[in-house]
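This briefing is arranged by topic for use beside the sequence and the 3D structure. Please keep both in view while reading.

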Amino acid sequence: MESVLNANSERTLNKPQTRLNKASSGEAFLYWDNISRFNSFRGNKFLLLTYFLISMTYDFIIVGAGIVGLSAAYKLSVIHPGLKILVLEKENRVAAHQTGNNSGVIHSGIYYKPNSYRARNCVQGRHQLVDFCEEHNVAYDICGKVIVATDEKELPRLDAIFETGKINGIEDIKIIDAQELAEIEPYASGLKAIHVPCAGIVDFTDVCIKLRQLIEKAGNRVMLSHPVTHITHSQGTVTAMTPSGAFTAKYLINCAGLYSDRVAASAGVKTPVQIVPFRGEYFELKPKAEHMVKGLIYPMPNPEFPFLGVHFTRMALGGVECGPNAVFAFKREGYDKLSFNLEETIETINFPGFWNLARQHWRMGMEEYYRSLSRRAFVKGLQKLIPSIQASDLIPAPSGVRAMALQPDGNILNDFYIETTRNEIHVLNAPSPAATAGLAIGDEIVQRAAASFGL
Ligand SMILES: Cc1cc2nc3c(=O)[nH]c(=O)nc-3n(C[C@H](O)[C@H](O)[C@H](O)COP(=O)(O)OP(=O)(O)OC[C@H]3O[C@@H](n4cnc5c(N)ncnc54)[C@H](O)[C@@H]3O)c2cc1C
């Protein structure tokens, strides 16, 4: 999608908006011009079905079928089974962006500031996710994780993370020495580590496919290839415009990930944050080297930086991934090094927050770019954790792009950030571990909807 505010969307916008004025909420509605269109569709079942779907008023429209949008729809359908829910997704599959291109780690919740939304939702979401996988036959593995200190200077940080983990209630965590580390991960090297037995792996696309099935089984709809180009309001209803028509509901939930700020802006929501995309690039271990990693091997994170550092991840569907680094992406959904979108790049460089961030972290940014261009530098980062890894053990793997919500002063919003209006909820920041926390974020959205909209 190049823009949520393009000329076409403006054109399609006016007619349905006036027609919606008389829509009785929750009911399908017909007007005389719709009836004449209905007559002309009578011979074509597909057009007739499309016509009925478009002319129906829903209780909730959810924009985006990543894990956050699908979890919100699923939780709404379970907690309020009478609601009519429609999910609109611009791609032809679920989990097409962040959710389907991430590391697949079920995070424990050890890192996050106690009492933050991230800490709470990660722990609750992890338990719910594991139960969900059990109940619905989604493959997962609680393979455990080690967070390794490789340098004396990292030991105070190791202690601090361990204490945070205890406050956050992470089960069975333990500080281990080099010998105990070797028993868990024989090829890893470090002075000390935190062993986190409750961390694991899952394929989040599989989770989303199951969520979609459950949403549809409950009588609700997930419509793919339906990009929302604009949002309008009329007499207490909200209308999402797509190239295939207008969809109306009492309430709308924006879970558009990398485009969540644009979707919010198209609804007239003024928010100080802007999404800036960061690409995470990965390698995979060749099969001959996979035996070097049993579970998840992570470095001590740099507290100055929002990412966890390059790590080794055994994948739920097989193989071992290494990475990611983090470089500014010149396109919100730019998965290749050469991906570029002029409009989006101009938008970012016109945002003061980007320059303030660049000023604060330019050295780290340059190192990440160097690692992006030099496999040798990437391998050096990995060798901190597994010294015997060689460049010849790696093959390039697909990358992922993170939506980072930046404030004008250059500060990165680390916690989940949701704005609520009279009949909309906008999820404007759902950073990692939002995939792990998805089901708990779904609960949070339902609670907000109940409190604000009186469900
Ligand atoms: C490289 C990387 C590694 C990560 N690793 C982990 C991990 O190991 N564990 C973990 O818990 N988290 C991880 N995360 C974070 C996690 O993946 C994200 O926080 C989470 O997936 C966000 O989900 P979402 O539904 O908000 O966004 P998305 O998955 O991006 O979904 C948003 C959806 O909205 C759709 N959309 C956008 N605009 C429109 C529009 N106008 N109309 C209709 N649809 C629209 C998009 O097509 C997309 O499908 C990682 C993220 C990245 C990028």
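Val 148 stands opposite Pro 299 in strand S14. The model is predicted: local features need pLDDT of at least 70, side-chain atom pairs count only at pLDDT 80 or more, and totals for chains, interfaces and linings use all residues. Residues are numbered from 1 along each chain as its sequence is written.

**Terms for strands and burial**

- Helices (H or I, at least four residues) and strands (E, at least two) are DSSP runs, numbered from the N terminus.
- Two strands pair if DSSP finds at least two bridges between them.
- A residue is buried if 20 or more other C-beta atoms lie within 10 Å of its own, exposed if 12 or fewer, and partly exposed in between, with C-beta atoms placed from the backbone.

**The chain as a whole**

- The protein chain holds 13 helices and 20 strands.
- Of its 455 residues, 48% count as buried.
- Among contacts in the protein chain with a separation of 6 or more, 75% are between residues 24 or more positions apart; two residues are in contact if their C-beta atoms, placed from the backbone, lie within 7 Å.

- Strand S5 (residues 145-149) is largely enclosed by the rest of the structure, because five of its five residues are buried.
- In a regular strand the side chains alternate between the two faces of the sheet.
- On one side of S5 lie Lys 145, Ile 147 and Ala 149, and on the other Val 146 and Val 148; all are buried, and both faces are covered.
- S5 pairs with strand S7 (residues 192-196) in the antiparallel sense over five bridges, and Val 146 stands opposite His 195 in S7.
- S5 also pairs with strand S14 (residues 296-299), in the parallel sense and over four bridges.

**The sheet S3-S8-S4**

- Three strands in the order S3-S8-S4 make up an open sheet with antiparallel pairing.
- Strand S3 (105-106) and strand S4 (140-141) are at the edges with a single partner strand each, so one side of each is left without a neighbour in the sheet.
- S3 and strand S8 (residues 200-202) run antiparallel and are joined by two bridges; Ile 106 stands opposite Gly 200 in S8.

**Strand S20 and its partners**

- Strand S20 (residues 424-429) is mostly covered, with six of its six residues buried.
- Strand S12 (residues 245-254) pairs with S20 in the parallel sense over three bridges, and Ile 253 stands opposite Ile 425 in S20.
- Strand S19 (residues 417-420) runs antiparallel to S20, the two being joined by four bridges, with Ile 418 opposite Val 427 in S20.

**Strand S16 and its partners**

- Val 320 and Cys 322 point one way from strand S16 (residues 320-323), Glu 321 and Gly 323 point the other way, and all are buried.
- Strand S13 (residues 274-285) and S16 pair in the antiparallel sense over two bridges, where Phe 283 stands opposite Cys 322.
- Strand S15 (residues 311-314) and S16 run antiparallel and are joined by four bridges; here Phe 312 stands opposite Cys 322.
- S15 and S16 form a hairpin with five residues between them, and Gly 318 in the turn has a positive phi of about 105°.

**Surroundings of the ligand**

- There are 43 residues around the ligand, of which Gly 64, Gly 66, Gly 257, Gly 400 and Ala 434 come nearest; a residue is near a molecule or strand if its C-beta atom, placed from the backbone, lies within 6 Å of it.
- Helix H4 (67-79), strand S18 (394-406) and helix H13 (434-453) are the elements that give two or more residues to this shell.
- The shell divides into 23 nonpolar, 16 polar and four charged residues; Ala, Val, Leu, Ile, Met, Phe, Trp, Tyr, Cys and Pro count as nonpolar, Asp, Glu, Lys and Arg as charged, and the others, Gly among them, as polar.
- Domain 1 (7-97 + 205-272 + 415-453) and domain 2 (141-201 + 274-406) each supply at least three residues to the shell, the domain bounds coming from an automatic or database domain assignment.

**Leu 439 in helix H13**

- Leu 439 lies in helix H13 and counts as buried because it has 26 C-beta neighbours inside 10 Å.
- Although Leu 439 and Val 68 are 371 residues apart along the chain, their C-alpha atoms are separated by 7.6 Å.
- Leaving aside neighbours within four places in sequence, Leu 439 is in contact with Ser 71, Gly 125, Gln 128, Leu 129 and Phe 132.
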